[in-house]
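Hello,

Here is the structure I promised to pass on. Please open it first, then read my notes below.

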Amino acid sequence: MDIRGLIPGLPVNLNTATVDELAMLPGVGDVTAKRIIAARRSLGGVTSVDQLTEVKWIGKVKLDKIRRLVTVD
């Protein structure tokens, strides 16, 4: 099921999203959302959705679930 049209604010921009916005994503809770933001800061911004695999607890399976729901624009 494609939920992009069902939840306002999708796709979520990985470079500007808040913890609450990231936590809306399937399989991403507050802790993982905070890790995404920390990685974003350390990288100086996210240039590719694939960089999420560098975040602890985000592997290929989870990335595949949220890939269409996030952007780096």
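Ile-36, Ala-39, Arg-40, Leu-43, Val-46, Gln-51, Leu-52 and Val-55 line the largest cavity. A cavity is a set of points, on a 1 Å grid over the protein atoms alone, where a 1.4 Å probe fits but cannot get out; lining residues have an atom within 4 Å of a point. The lining divides into six nonpolar residues, one polar and one charged. Nonpolar covers Ala, Val, Leu, Ile, Met, Phe, Trp, Tyr, Cys and Pro; charged covers Asp, Glu, Lys and Arg; the others, Gly among them, are polar.

A word on the source. The model is predicted: local features need pLDDT of at least 70, side-chain atom pairs count only at pLDDT 80 or more, and totals for chains, interfaces and linings use all residues. Residues are numbered from 1 along each chain as its sequence is written, and side-chain values use heavy atoms, with hydrogens and water left out.

Now the charges. There are two salt bridges (a side-chain nitrogen of Lys or Arg within 4 Å of a carboxyl oxygen of Asp or Glu). One joins Asp-50 and Arg-67, at 2.8 Å from N to O. Asp-50 sits in the loop between helix H2 (30-43) and H3, and Arg-67 in the loop between H3 and strand S2 (70-71), so the pair ties together parts 17 residues apart in sequence. Helices (H or I, at least four residues) and strands (E, at least two) are DSSP runs, numbered from the N terminus.

Lys-60 also forms a salt bridge, with Asp-64; their closest N and O atoms are 2.9 Å apart. Both residues lie in helix H3, four residues apart, about one turn of the helix.

Best wishes

Note on methods:
On a 1 Å grid over the protein atoms alone, a cavity is a set of points where a 1.4 Å probe fits but cannot get out, and a pocket is an open set with protein on both sides within 12 Å along at least five of seven lines; lining residues have an atom within 4 Å of a point.
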